[in-house]
Amino acid sequence: MRDARTPRIYDSNHARLVRTDEAGVEVLMGAVEAELSARGHRASIRLDPLSLPPSLTARLALEGWEREEGILMTLEGELRAPAQELRVREVESDAEWADYLSLKLSDDGAPWVQSVGDQWVGYMRRKRPRLRTWFALRGDHAVGFFSEFVEGDLGLLEDLYVHPAARLQRVATWLVAHCVGEARKRGARTVFLTARATDTPKHMYAKMGFRPLAVTQNWLAPMPPQDTR
């Protein structure tokens with residue numbers, strides 16, 4: 001997958017490997033080099049952990065690729081969540097997307113956001129209307145956001161963020177509950193999300209009824225040098 005409009009966002013520039021053998025490792029790495037890295041894109045490889053040749057992960061580690069692990073979680077029954085107390089609003093207008101970007105840039109724990117902010121907004125907007133993004137509001141001010149993406153009877157939740165000043169106040173749980181409800185209104189019977197294995201929201205999702213299914217691997221290539229010409 002390659003998108004020349006967002007070269008620094010690996011969600012839209014990656015190779016997805018489901019199954020391969022030892023010979024397939026060379027084919028994959030050659031394709032990544034030709035189709036992604038050689039064009040100045042930041043490549044990533046997403047792996048099926050059940051069918052990996054050990055040589056692939058060893059090679060990625062040797063070449064300085066960074067591994068991110070996630071916990072794929074699913075909700076098939078009822079969500080356990082408190083009654084909603086915050087107002088929500090869908091992010092639609094240019095002004096609202098500008099507010100979304102401003103809020104996202106307040107994330108000190110994700111320095112990569114500073115370099116891809118405008119690209120990220122474009123990437124998210126191009127996924128509409130299957131994706132909808134929602135603000136959580138305190139008064140007239142957005143204090144967090146979350147998105148729900150629906151395809152057929154499957155729903156995917158992604159991009160949860162709450163401003164540091166509004167954390168530990170149930171904003172995240174209200175956003176999760178709202179997005180689950182909206183995805184199900186649009187026909188999603190099963191709702192998925194991926195929690196970072198090293199981050200604390202995984203415990204919140206489990207308490208709300210999400211069940212862990214598998215550990216995912218995403219290997220992120222070293223950042224290519226900037227073209228200074």
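In the predicted model, Trp120 is buried, with a relative accessible area of 9%. Tyr123 likewise counts as buried, at 11% relative accessibility. Both residues belong to helix H4 (residues 113-126), where they sit three residues apart, about one turn of the helix. A search of the whole structure finds five aromatic pairs. One of these is formed by Trp120 and Tyr123, whose rings are tilted, with 5.2 Å centre to centre and 50 degrees between the planes.

A further tilted pair consists of Phe145 and Tyr161, at 5.7 Å centre to centre and with 40 degrees between the planes. This pair links distant parts of the chain, since Phe145 lies in strand S6 (residues 141-151) and Tyr161 in strand S7 (residues 154-162), 16 residues apart. Phe145 has a relative accessible area of 0% and is therefore buried; Tyr161, at 6%, also counts as buried. Together with Trp97 and Tyr100, Phe145 and Tyr161 form one aromatic cluster.

Thr173 is located in helix H5 (residues 171-185). Its relative accessible area of 13% falls under the 20% limit, so Thr173 is buried. The side chain of Thr173 reaches the backbone oxygen of Arg170 at 2.9 Å. Beyond residues up to four places away in sequence, Thr173 touches Pro82, Met204 and Met208.

The protein as a whole contains six helices and nine strands. Of its 229 residues, 45% are buried. Among contacts between residues at least 6 apart in sequence, 73% join residues at least 24 apart. The accessible surface comes to about 12400 Å², and carbon and sulfur atoms account for 53% of this surface.

Notes. Residues numbered from 1 in each chain as written. Predicted model: local features only at pLDDT ≥ 70, side-chain atom pairs only at ≥ 80, totals over all residues. Heavy atoms only, no water. Helix = DSSP H or I, 4+ residues; strand = E, 2+ residues; numbered from the N terminus. Buried < 20%, exposed > 50% of the residue type's maximum accessible area, 1.4 Å probe, protein only. Contact = heavy atoms within 4.5 Å. Areas by Shrake-Rupley, 256 points an atom, 1.4 Å probe, with all protein chains shown as cover. Polar contact = N/O pair within 3.5 Å; in protein donor to acceptor, adjacent residues only side chain to side chain. Phe/Tyr/Trp six-rings, centres within 6.5 Å; stacked < 30°, edge-to-face > 60°.
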